[in-house]
Amino acid sequence: MIDPDLVSLTITLKLAAVTTLILFMVGTPLAWWLARTRHIAGFLVEPLVALPIVLPPTVLGFYFLILFSPNSGFGKAWTSMTGSTLAFTFEGLVIGSVIYSLPFYVQPLQIAFSGVRQELLDAAATMGAGPMDRFVNIVVPICRSGFVVASTLAFAHTVGEFGIVLMIGGNISGETRVLSIALFDHVETLQYARAHLMAAGLLIFSFTLLLIVYTLNRRQAGQFSRSDSGS
Amino acid sequence: MEINADIHLTRDPDFVLDVNLTVQPHGITALYGPSGSGKSTLLRLLAGLERGTRSDRIEITDGKNVWQNKHSFVRPEMRGVGFVFQQQQLFPHLSVQGNLNFALSRQHTEHNLDINQVYDWLNLQPLLDKEIRQLSGGEAQRVAISRVLLNGAKCLFMDEPLGSIDVPSRSRILPYLDRLHRNLQIPMVYVSHSYEEITYLADHLFVLDNGKITSQGSMLELCSTLELNSGEGDAAAVVIQCTVAKHDHNYRLSELDFEEASIFVNAEQYQVGDSLRVRIPAKDVSITTTRPENTSILNVLEVQIVSFEESTGPSVLVRLRRKRQFILARITKKSLNLLGLQPEQTVYAQIKSVALLMESIND
């Protein structure tokens with residue numbers, strides 16, 4: 001019999017990894033668009049993306065429950081496609097986590113993208129580089145640490161989520177019981193030794209990740225700032 | 001390649017760019033005007049870096065193909081235009097060599113430029129192993145220009161390329177640009193608000209003001225017009241083009257051929273046959289009706305009076321022609337009347353000071 005805490009750890013890591021991967025695919029173009037657009041829609045989308053930072057996770061969770069319900073259009077379509085509902089499943093958790101962690105991925109990347117000077121993109125364009133070429137060979141390498149920071153924050157934030165999981169995931173061992181929920185369980189059932197182990201583990205993990213993020217931030221600030229300034 | 005543009009673009013409520021221009025297939029075409037006159041916007045439109053809105057009328061062709069009109073728009077990556085920006089255009093995550101390789105692997109055309117030749121023109125060899133942040137402003141611009149050349153651009157656009165460089169470095173980089181222009185058979189468009197840069201480099205000139213072209217034509221001819229020099233006071237001057245004929249090392253003087261006459265100046269650093277530009281301030285030119293003899297002034301040219309400035313002050317500018325080129329003289333109204341000068345009359349211009357253009361830029 002595997003230790004149920006290890007199962008929770010595996011689920012947590014899997015959830016964070018899948019969420020970060022999806023954010024990489026969805027959040028990257030969104031961040032690029034937000035960094036470059038002068039379209040009026042940008043003013044609406046930007047606060048929308050930031051909402052999960054200030055909204056109580058239970059509010060999001062509540063709306064997700066409603067969305068996932070077989071009575072809603074989205075829930076009905078999902079059920080007819082997959083044969084199961086989204087509420088209280090791992091897939092449901094992934095969708096919730098992507099939205100919940102979106103600002104933590106998009107915002108640092110958007111800031112990094114905004115720092116890419118238009119001259120560089122214009123120069124690359126006049127040299128024959130198309131949009132994808134410019135993005136892959138100019139933007140991505142210049143914003144490398146922005147990508148690391150964004151992915152790390154999104155990953156760590158997903159590992160640390162609680163309220164939204166409780167609302168839409170419930171507490172099903174092997175399916176939706178992530179570490180933060182397991183910790184809550186241990187405290188509820190007065191298993192303080194296990195709770196200590198888990199809390200300390202999460203603390204050290206989060207601190208290490210943030211240490212990496214801030215080190216990278218500092219280094220990026222110094223990296224390209226003095227390039228060809230004419231001195 | 002001969003770029004034709006017919007542009008009517010409204011930007012903000014109060015700025016309208018309304019121009020019609022042709023970029024000559026050879027030589028340097030300069031867009032000159034104060035900041036805010038629309039010259040940079042015009043250049044960016046030509047390159048496809050901006051495209052205006054639906055309500056603007058923008059028609060650009062390269063002589064064969066349409067670059068932009070109501071129905072089509074060729075993206076900048078397909079135009080084969082090399083663009084040198086004012087500053088900060090080198091990719092900071094690549095080395096100098098990496099920047100050049102980026103251009104080499106995306107060539108617009110199979111160019112037959114010898115890479116080492118380009119490095120020679122721009123003295124690039126010492127910079128190849130450097131990181132971008134180690135370069136000075138002037139060095140960075142030399143790398144940027146080489147990068148554009150190695151890219152096989154079919155024409156070369158420069159938007160205030162010396163704008164970010166300190167003044168002493170400017171006069172060091174100008175000869176590089178001049179050398180390019182002699183060696184390349186592609187059109188160049190040069191945007192600047194510096195009259196010195198323009199007079200040093202340009203062959204064709206468009207003067208822009210507030211979104212409109214106020215004058216256009218050959219630079220050498222335009223810079224001698226009374227319109228452009230009136231109101232310049234003592235700064236009124238012309239630029240003329242000469243060829244080095246021979247050196248007299250005894251006196252450290254060189255004889256320049258100017259429209260089949262001779263001008264003497266110290267130009268030992270040039271070689272016989274070099275073409276160079278010389279600046280003559282109008283206040284240093286006087287007029288005599290007979291050929292002066294026994295004078296210490298070496299440079300005396302037989303010229304024809306073209307026109308006089310309408311002036312309310314004590315002095316007038318006189319435009320003088322020698323074959324295809326012009327010079328200006330500033331004389332007093334009193335002398336004008338005493339000598340009875342008339343248009344078409346043949347007179348002699350005594351030139352007290354002549355400066356090679358590089359020297360006048362160094363001031």
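Predicted model: local features only at pLDDT ≥ 70, side-chain atom pairs only at ≥ 80, totals over all residues.
**Chain A as a whole**

Chain A is built from helices: it has 11 of them and 0 strands. Its C-alpha trace spans about 65 × 45 × 30 Å along the principal axes. The chain has 231 residues, and 42% of them count as buried.

**Where the chains meet**

The contact draws 27 residues from chain A and 27 residues from chain B. The size of an interface is often given as the accessible area lost when the parts come together. Here the two chains bury about 2,400 Å² between them. Carbon and sulfur atoms account for 61% of that area. Across this interface there are 3 salt bridges. One pair is R44(B) with D122(A), whose closest N and O atoms are 2.9 Å apart. D122(A) and R44(B) also belong to a network of salt bridges that includes R11(B) and E50(B).

**Salt bridges within the chains**

Side chains of opposite charge can pair when their charged atoms come close. Over all chains, the structure holds 17 salt bridges.

| Pair | Closest N and O atoms |
|---|---|
| D3(A) and R194(A) | 3.2 Å |
| K39(B) and E160(B) | 3.7 Å |
| K323(B) and E260(B) | 3.8 Å |

D3(A) forms a salt bridge with R194(A). This pair links distant parts of chain A: D3(A) sits in the segment before helix 1 (4-36), R194(A) sits in helix 11, and 191 residues separate them. D3(A) is partly exposed, at 28% relative accessible area. R194(A) is partly exposed too, at 31%.

K39(B) forms a salt bridge with E160(B). K39(B) lies in helix 1 (residues 39-47) of chain B, and E160(B) lies in the loop between strand 7 (155-159) and helix 5, so the pair ties together parts that are 121 residues apart in sequence. Both K39(B) and E160(B) are buried.

K323(B) forms a salt bridge with E260(B). K323(B) is in the loop between strand 17 (315-322) and strand 18 (325-332), while E260(B) is in the loop between strand 12 (253-258) and strand 13 (261-265), so parts 63 residues apart in sequence are tied together. K323(B) is partly exposed, with a relative accessible area of 44%. E260(B) is exposed, at 63%.

S97(A) lies in helix 5 (residues 90-114) of chain A. Its relative accessibility is 0%, so S97(A) counts as buried. Leaving aside residues up to four places away in sequence, S97(A) touches L15(A), T19(A), L102(A), T158(A) and E161(A).

S169(B) lies in helix 5 (residues 167-183) of chain B. S169(B) is buried, with a relative accessible area of 12%. The C-alpha atoms of S169(B) and D62(B) are separated by 34 Å.

**Two loop residues with positive phi**

Most residues other than glycine have a negative phi. L190(A) has a positive phi, near 60°. L190(A) is found in the loop between helix 10 (179-188) and helix 11 (192-223) of chain A. L190(A) is exposed, at 62% relative accessible area.

N123(B) is not a glycine either, and its phi is positive, about 50°. Its place is in the loop between helix 3 (115-121) and helix 4 (137-150) of chain B. At 34% relative accessibility, N123(B) is partly exposed.

Technical notes. Residues numbered from 1 in each chain as written. Chains lettered and ligands numbered in written order. Heavy atoms only, no water. Helix = DSSP H or I, 4+ residues; strand = E, 2+ residues; numbered from the N terminus. Buried < 20%, exposed > 50% of the residue type's maximum accessible area, 1.4 Å probe, protein only. Contact = heavy atoms within 4.5 Å. Buried area = accessible area lost by both parts, 1.4 Å probe. Salt bridge = Lys/Arg side-chain N within 4 Å of Asp/Glu carboxyl O.
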